[in-house]
Amino acid sequence: MQQVVYTASPESQQIHVWQLSAAGALTLLQVVDVDGQVQPMVAHPQKPLLYVGVRPEFRVIAYHIAADGTLSEAGEAALPGSPTYLNIDQQGHSLFAGYYHDGLVSVSPLDASGLPQAVAQTLSGMDGCHSVNIRQDNSVLYAPALKQDRICAFRLDSEGRLNENANAQVATVAGAGPRHMAFHPQGKYAYLVNELDSTVSVLALTEQGAETVQTLDMMPEDFEGTRWAADIHITPNGQFLYACDRTSSTLTLFRVSDDGATLTLGGFQATETQPRGFNIDTQGKYLIAAGQKSHHIEVYAISPQDGSLTPVNRYAVGQGPMWVVIRAL
């Protein structure tokens, strides 16, 4: 299976396109210069399209993905603020954006070809909204509000709109700063990384929202610096969960119980300086981390036995890389 890796570097306003080999090597295919600071990215679940959030002229740009993984611009649409996170519902009806500075979630319909249209819905009041996360069954969108220590949950309708009247809330630990989420493949549990105290919480998913059932520290016992967690991802088989902290430049491994309900700390891996974002390939063999201050990405092989990470190679990218998307071709 061929896979392609996209990395966003806002300081140099570039997207780098890489081919990922079966041995974990990256080959640079293309460098796309973007008119603006490119930050969050997401691939369409069915169509060959990559969506990129851009500032300071706030908009989303859609790129067509060619057979070899290279990009060509296909269209764009305005957004109401500086997008922090992008996502698309499982049916491909709508593009959702979260806005940290504006405390918003917006919904942009996608036309039949997958191109974004004008924003059709905006929800406010979520201070520090850092991500928009959609359950695998396409029923609920979760929006962590970092500055309010809560997650807002909204029901999705069949057209990819949010039901504002079916809002549930999940409270997190005071001062934790809920940020990004990942979902167990069985669909019963999710995992939340908390930015301000560098912890990871297990959430049992309910029909309307979620309930916290476990919270673990993701930092080594001797760490004494400022906690500053960023991203979280799970392997496709649901066995291993990873989270990153930017101050310590560390990737933390958790082993996941068979049912997804319980995490066990598995170890730590030093990584690129200030890892703002990382991702796991579609087969669960490799993890790729981006160093926002090292201006490099690093590829790690994931042990199928215990989830431990082995460095494979590192590559120079644009300035300030902060987002990684991996897509099977």
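Colleague: What should I know before reading the values?

Modeller: This is a predicted model, so local features need pLDDT of at least 70 and side-chain atom pairs count only at pLDDT 80 or more, while totals for chains, interfaces and linings use all residues. Residues are numbered from 1 along each chain as its sequence is written, and side-chain values use heavy atoms, with hydrogens and water left out.

Colleague: What classes of residue make up the lining of the largest pocket?

Modeller: Ala, Val, Leu, Ile, Met, Phe, Trp, Tyr, Cys and Pro count as nonpolar; Asp, Glu, Lys and Arg as charged; the others, Gly among them, as polar. The lining of the largest pocket has 23 nonpolar, twelve polar and four charged residues.

Colleague: What lines the second largest pocket?

Modeller: It has 16 lining residues, with Q39, R55, H101, R276 and M322 nearest its centre. About 320 Å³ of space lies in this pocket. Five of its lining residues are nonpolar, six polar and five charged.

Colleague: How many cavities of 30 Å³ or more does the structure hold?

Modeller: One. The largest cavity has a volume of about 30 Å³. Q2, Q3, V4, Q19, L29, D68 and L329 line it. By class, that is three nonpolar, three polar and one charged.

Colleague: How do I read aromatic pairs, and how many are there?

Modeller: A pair of aromatic rings is described by the distance of the centres and the angle of the planes. Rings of Phe, Tyr and Trp (its six-membered ring) pair if their centres lie within 6.5 Å; planes under 30 degrees apart count as stacked, over 60 as edge-to-face and the rest as tilted. The count is three aromatic pairs. Take Y85 and W323: their ring centres are 5.5 Å apart and their planes stand at 75°, so this pair is edge-to-face. Y85 lies in strand 8 and W323 in strand 28, so the pair ties together parts 238 residues apart in sequence. Both Y85 and W323 are buried (under 20% relative accessible area; exposed is over 50%, partly exposed in between, with a 1.4 Å probe and protein chains only).

Colleague: Why is the pair of Y142 and F183 called tilted?

Modeller: Their ring centres are 6.1 Å apart and their planes lie at 45°, so the pair is tilted. Y142 sits in strand 13 (residues 140–145) and F183 in strand 16, so the pair ties together parts 41 residues apart in sequence. Y142 and F183 are both buried.

Colleague: How do I read salt bridges, and how many are counted?

Modeller: Side chains of opposite charge can pair when their charged atoms come close. A salt bridge is a side-chain nitrogen of Lys or Arg within 4 Å of a carboxyl oxygen of Asp or Glu. The count is six salt bridges. One of them joins D137 and R135 (3.7 Å, N to O). D137 is partly exposed at 49% relative accessibility, whereas R135 is buried, at 9%.

Colleague: Which residues are linked in a network of salt bridges?

Modeller: R179, E195 and R246 are. E195 meets R179 at 2.6 Å, N to O, and meets R246 at 3.6 Å, N to O. E195 and R246 lie 51 residues apart, in the loop between strand 17 and strand 18 and the loop between strand 21 (240–245) and strand 22 (250–256). Both E195 and R246 are buried. R179 is buried too, at 1% relative accessibility.

Terms used
On a 1 Å grid over the protein atoms alone, a cavity is a set of points where a 1.4 Å probe fits but cannot get out, and a pocket is an open set with protein on both sides within 12 Å along at least five of seven lines; lining residues have an atom within 4 Å of a point. Grid points are joined across faces, edges and corners, and a volume is the space filled by probe spheres set on the points. Helices (H or I, at least four residues) and strands (E, at least two) are DSSP runs, numbered from the N terminus.
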